[in-house]
Amino acid sequence: MDYIKHPAELSTPAAVPVAPPIMNLSTLSLPSGIQYTYYDTGPPAPNISIDSARYPTLFTVHGLAFNAFVWKPMFPFAKEQGIRLVSINRRGYGGSSPLTKDEANLFASNPTKSVDERGEEILNFIHVFVQQENIPLLEAGGGFGLVAWSLGALTAIAGIANLENAIEPIRETFKKGFKSFVLHEPTAMTIDIATPCEFFSPLKDSSIPAKEKRLFLSTWITSYFDHPSLETRSTDSLVTAAPSQSLAPTIYNIPGVDKSTLFLQNGGLSYDGAAFANTTNEGRRANFRKAIQTGTPVAFVIGEKTLADHISAGWAVEEEAKNQTWGATAKIGVHFVPGVNHLGHWNHPDVILKAYLKGAGFSAAND
């Protein structure tokens with residue numbers, strides 16, 4: 001087990017190092033004509049103690065309901081640390097192209113293949129961005145990592161799993177630049193790994209009216225959970241449903257103007273819910289196995305006050321990695337972060353950025 005160093009009191013977010021940059025939403029067109037929107041912190045500023053030709057880049061992929069704006073509080077910390085952070089809006093979120101009629105039909109008939117195609121588009125986005133922006137690659141002392149948060153792991157894993165099937169220019173970009181894959185709190189179901197018990201989810205609770213599920217979900221998944229005695233690795237130490245009474249859910253502290261930006265994702269939300277429910281266990285299992293057997297290091301980042309499902313999944317991953325269930329080529333690390341919930345990149349962006357960098361094997365300017 002690995003722990004990330006953190007401030008003594010994580011209920012108080014770190015001071016922002018500089019005034020938050022005004023981040024404009026940019027658009028990148030793939031060769032197919034599909035458009036992805038994204039936020040980009042840009043190359044390191046000249047006053048940062050890092051060679052502007054050798055900086056690392058992190059591409060992030062968001063999860064269910066929240067879009068790429070969820071990394072907004074991390075942008076100034078990335079700038080300060082000489083890290084280029086590129087946060088991608090998945091299809092149907094934040095202005096990225098919605099599914100076409102043909103794509104929607106494919107999803108209805110073969111959801112696993114549909115998710116694979118969305119993953120391949122993420123690879124394509126990274127390839128095009130790297131070429132257009134002349135991103136420093138590994139040989140030049142740069143390189144890039146891919147960070148997938150929560151349900152975003154479903155798409156990102158599908159992309160990495162199918163990298164060998166990508167066109168040669170994309171494979172070459174990843175061969176020369178891809179350093180690591182960071183999975184920030186994927187659910188056990190996303191990676192199809194067995195956990196010892198069932199966990200509560202508002203999405204599965206039939207007593208919650210359908211029209212209220214989204215509101216309930218945004219509150220519940222951003223709550224803190226006071227799990228006692230996690231060192232025992234026992235399910236008895238996990239709080240599976242009731243949020244903390246001492247720390248308010250993150251959603252309560254997000255300004256209204258930011259909430260309106262975070263939740264512009266109607267089409268994506270409906271696609272994600274169906275993708276999560278309808279992709280097969282076999283498909284998710286096969287993609288995860290293929291992704292971790294590429295030889296690329298894979299790091300899990302998990303907060304210790306997050307949902308029980310994510311912590312249990314981390315324990316299970318550690319056990320499987322210890323037993324080399326996925327083979328000797330799998331390079332897996334699991335990093336637990338004390339005091340952090342599922343939205344740690346909003347509440348404690350400095351701490352989570354350090355966890356990303358440690359998991360990805362990158363150094364920051366101030367290290």
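How much space lies in the largest cavity? The model is a predicted one, and in it the largest cavity holds about 90 Å³ of space. The structure has four cavities of 30 Å³ or more. Rolling a probe the size of a water molecule over the atoms is what shows where empty space is left.

The lining of the largest cavity consists of T112, V115, D116, A153, L154, I157, A158, T190, T279, G283, R284 and N287. Two or more residues of this lining come from each of α3, α4 (152–161) and α10 (281–292). The element that gives the most is α4, with four residues. By type, the lining divides into five nonpolar, five polar and two charged residues.

In soluble globular proteins, nonpolar side chains tend to be buried together.

Beyond its neighbours within four places in sequence, F59 is in contact with V86, I88, F125, I126, F129, V130, F144, G145, L146 and V147. F59 also belongs to an aromatic cluster, together with Y36, Y38, F125, F129, F144, F174 and F178.

Aromatic pairs can be searched for across the whole structure, and 19 are found. A pair of aromatic rings is described by the distance of the centres and the angle of the planes. One of the pairs is F59 with F144, at 5.8 Å centre to centre and with 85 degrees between the planes, which is an edge-to-face arrangement. This pair links distant parts of the chain, with F59 in strand β4 (residues 57–61) and F144 in strand β6 (residues 144–149), 85 residues apart. F59 has a relative accessible area of 0%, so this residue counts as buried. The relative accessible area of F144 is likewise 0%, and F144 is buried.

Another edge-to-face pair is formed by W220 and F225, with 5.8 Å between the centres and 75 degrees between the planes. Are these two residues buried or exposed? W220 is buried, at a relative accessible area of 9%. F225 has a relative accessibility of 1% and therefore counts as buried.

Note on methods. Residues numbered from 1 in each chain as written. Predicted model: local features only at pLDDT ≥ 70, side-chain atom pairs only at ≥ 80, totals over all residues. Heavy atoms only, no water. Phe/Tyr/Trp six-rings, centres within 6.5 Å; stacked < 30°, edge-to-face > 60°. Buried < 20%, exposed > 50% of the residue type's maximum accessible area, 1.4 Å probe, protein only. Contact = heavy atoms within 4.5 Å. 1 Å grid on protein atoms, 1.4 Å probe; cavity = no way out; pocket = protein on both sides within 12 Å on 5 of 7 lines; lining within 4 Å. Points joined across faces, edges and corners; volume = space filled by probe spheres on them. Nonpolar A, V, L, I, M, F, W, Y, C, P; charged D, E, K, R; others polar.
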